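This report describes a single protein chain for a reader who is new to structural analysis. Please keep the sequence and the structure in view while reading.

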Amino acid sequence: MDAMEFFQLSAGKWRSQRATHHLAFKRSETGESDIQVETLDADHPEIIELCQYHEIDPSLSVGGSRVRWLGTMAWDREGEENHQGKTIFAIVPDGDNPRVGKLLRERGYAEIVPVVGLFHMDDEDGLVLTTEYETMSSIERFWFASPNMRMRTSTVKRFGGFSTASFCTETRIETSVEVSSTEEVREKQGQDVLEKRQFYSVLGW
């Protein structure tokens, strides 16, 4: 499986249960989120725009995804947290190897800025992402336990020693919406996610 196939399998609506360990404080925090993933073709205007922003030839991209999320974490203060967002991913394989390359992001995992990370598919078809920011670095691994269950681990290391480690279990939410077009399905699913403001994915989707 290559990276684009992995993102295609990730398309749909997911419920994520997360445990985050704040290593410096020796404390853990739990949370949950609703996530909506939509596959974008290589010629989609947002994929082309993202490539151009990062000064990469859009013809080198094989496509990507649009992701929206909403959720909560245990330490949230009522009325003070606004945990929702969206981002675009573009996959740019290295040469003839679709299992290795660059992942362009409109919004980073550990910092809310556009960023370019490196990806590779490991021997168990897990997707591993490594991203270097100005003040920190992150390593994420995604893999499917089954077609409707995805697992995710992430580690964030800040320059100076502060680190967090997270583990997520993501379960696909089956929906049956009777509409007349694919675009209406996407619009309906997007509205469902945006109406559920109590869900959040800490540090990103």
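## A buried arginine

In this predicted model, Arg66 has a relative accessible area of 13%, and it therefore counts as buried, since the limit for that class is under 20%. Arg66 belongs to strand β3.

Which residues surround Arg66, leaving aside those up to four places away in sequence? Arg66 touches Gln36, Val37, Glu38, Leu40, His44, Glu46, Thr87 and Ile88. With one of these residues, Glu38, the side chain of Arg66 makes a polar contact of 2.6 Å.

## The chain as a whole

The chain contains three helices and 10 strands. Read from the N terminus, the order of the elements is α-β-β-α-β-β-β-β-β-β-β-β-α.

The chain has 205 residues, and 45% of them count as buried. Its accessible surface is about 10800 Å², and carbon and sulfur atoms account for 50% of that surface. When contacts between residues at least 6 apart in sequence are considered, 55% of them join residues at least 24 apart.

In soluble globular proteins, nonpolar side chains tend to be buried together. The largest nonpolar core of this chain has 17 residues, and the members that touch the most other members are Ile91, Leu103, Phe119 and Leu127. Two or more residues of this core come from each of α1 (3-9), β2 (27-40), β3 (63-73), β4 (84-94), β6 (115-121) and β7 (127-132). Helix α1 supplies the largest share, four residues.

Not counting residues up to four places away in sequence, Leu127 touches Ala3, Phe6, Phe7, Phe119, His120, Met121, Glu140, Arg141 and Phe142. There is also a second, separate core of nine residues, and among them are Leu40, Ile47, Ala90 and Val92.

## Aromatic pairs

A pair of aromatic rings is described by the distance of the centres and the angle of the planes. The chain has three aromatic pairs. In one of them, the ring centres of Phe7 and Phe89 lie 5.8 Å apart and the planes meet at 45°, so this pair is tilted. The pair links distant parts of the chain, because Phe7 is in helix α1 and Phe89 is in strand β4, 82 residues apart. Are these two residues buried or exposed? Phe7 is buried, with a relative accessible area of 5%, and Phe89 is buried as well, with a value of 0%.

Trp14 and Phe144 form another tilted pair, with 6.3 Å from centre to centre and 50° between the planes. Trp14 lies in strand β1 (residues 12-22) and Phe144 in strand β8 (residues 136-146), so the pair ties together parts that are 130 residues apart in sequence. Trp14 is buried, with a relative accessible area of 1%, whereas Phe144 has a relative accessibility of 21% and counts as partly exposed.

## Around Trp14

Ring pairs join Phe6, Trp14 and Phe144 into a cluster.

Notes
Residues are numbered from 1 along each chain as its sequence is written. This is a predicted model: local features need pLDDT of at least 70, side-chain atom pairs count only at pLDDT 80 or more; totals for chains, interfaces and linings use all residues. Side-chain values use heavy atoms; hydrogens and water are left out. Buried means under 20% relative accessible area, exposed over 50%, partly exposed in between (1.4 Å probe, protein chains only). Contact means heavy atoms within 4.5 Å. Accessible areas come from the Shrake-Rupley method with a 1.4 Å probe; for residues, only the protein chains shown count as cover. A nonpolar core is a set of buried Ala, Val, Leu, Ile, Met, Phe, Trp, Tyr and Cys residues joined through side-chain atoms within 4.5 Å. A polar contact is a pair of N or O atoms within 3.5 Å; within protein, one must be able to donate a hydrogen and the other to accept it, and residues adjacent in sequence count only if both atoms are side-chain atoms. Rings of Phe, Tyr and Trp (its six-membered ring) pair if their centres lie within 6.5 Å; planes under 30 degrees apart count as stacked, over 60 as edge-to-face and the rest as tilted.
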